[in-house]
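These are my notebook entries on a structure that I looked up. I record each item in the order in which I checked it.

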Amino acid sequence: MQNLSRRRVLTIGAALGLVGVADPSKAWAWSSSGSIAATDTVTDPWGVWDDATDPLLVDLLENGQIPGVNTAFEKWVDNGDALPSGIPAALTTYLQAHNRLPSWADQTKLDRAAQFNKRMSMYLFLLYGLGSGIMSTVIPREARNVYWSEGGAVMKSRAAKTFTYGYDLSAVDAFKPTGHFVVTSNKTRLTHAAVRHLLPQSPHWRAVTDDQDFIPISNGDILITFHSLGTFVHGKLKSWGIRMSAAEEEAFLHMWQVALHLLGVRDDFIPATWAAARAQSQYALTPLLAPTPEGIDLADILLGLTSQVDLGVTKGFQREFARYLLGDQVGNWLRLPRDYASRAIIEVGWPAYVAFREGTSGIIPTTYSLFDQFIRGVAMLFLNNGTSATYTPITIPTGNRAG
Ligand code: HEM
């Protein structure tokens, strides 16, 4: 873990809504007593990858079988679909074991989470899209991995594929036979296993990666990304005063617990409560945030993609909103241009918009329609990808970015 000053970590943590940040000079100290496994060990998740999946992908890649698998996967979409025919027997055996919910999945909680996602959808599009999406570019390993993997060269389609995951996770039938999420998670898990084999062969990636990151996408890395998604979003919703019952908060966490399991994260790393998740995030996410040349480039591309549609606001407003969500330290790292007039509108107008929407204030703010158009524009941007003919299926890569 990089040795960052406690003051800097506290500043970033506060901006992201992660209060009480732990001392970054200390090693990983998150006990699994806070996990769904409820054991009591301290294991470094950066030394754990995916033993059940990784060797299989090495074989499939080295035997040239991935293009055929990707073709067979095109028609494998619904959770209730039969496993695709024409794939190698070892992959069929693997999917028979993994294409299912864990025994501890609770359908009542997953249904509650689905209803919660529906009610929160406008906030979720904004927070995942402009918050988590841009935060991923200041998670150094993720930024370098994404940049130097095959998809890094075609960020528009890569962003669309990533959105497929979020869209499938948030759908009302996500975990039901008509939903897609279990299948999408399996494709993602296989993709990550392929990346673990491919990226170490990239001279570009090897030149920039840190010494400990000799195999990418460990359980620790996946947990970090979860915190940039679920834990970040939950924290922002709380800090904005959004109405959430305790059962809804628990259900939203449960959905993410199942999602992490489906990505191959061990149960003894998966937080059992939001308090345990926040504690883990303080060790795993906040101290590691930092700019990289790759991340700065990716953030510019991602923000450029959202600027391509008319959100009813200026580019300056959109960049300032990202700063508002992530804090100015992150905004400065990513060299997001300043627009102080928009910032002043956001600082006052956004809390007033949320208060009116949530019914805690009866006063309709003068900037209501500005924010309403903005939030709907962001939602449409994602929904268009999720529902139109441009829906982009996840495919397993066979190489790396050329240069
Ligand atoms: C691919 C989701 C964690 C690096 C993907 C894909 C999805 C996804 C949906 C397939 C779509 C695509 O190709 O872009 C997630 C989720 C995560 C997670 C939900 C955690 C909760 C990570 C982490 C890293 C990472 C921690 C790196 C440190 C990559 C890379 C690809 C990928 C390099 C392949 C892109 C390519 O084809 O070139 N991920 N991911 N992911 N992910 Fe992740």
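Predicted model: local features only at pLDDT ≥ 70, side-chain atom pairs only at ≥ 80, totals over all residues.

Residues are numbered from 1 along each chain as its sequence is written, and side-chain values use heavy atoms, with hydrogens and water left out.

Entry on K238. I found K238 in helix α10 (residues 219-239); helices are DSSP runs of H or I with at least four residues, numbered from the N terminus. K238 counts as partly exposed because its relative accessibility is 45%. Leaving aside residues up to four places away in sequence, K238 touches M244 and E249, where contact means heavy atoms within 4.5 Å. K238 and E249 are eleven residues apart along the chain, and 9.7 Å separates their C-alpha atoms.

Which protein donor does the iron atom of the ligand have? I found H192 (NE2) as the only one, at 2.1 Å. Donors are N, O and S atoms within 2.8 Å of the metal (3.2 Å for Na, K and Ca), and sites may look incomplete because water is not among the atoms. H192 lies in helix α8 (residues 181-198).

Entry on the neighbour of α8. I noted that Y165, D168 and L169 in α7 meet F181, T184, S185 and T188 in α8.

Key: Helix = DSSP H or I, 4+ residues; strand = E, 2+ residues; numbered from the N terminus. Buried < 20%, exposed > 50% of the residue type's maximum accessible area, 1.4 Å probe, protein only.
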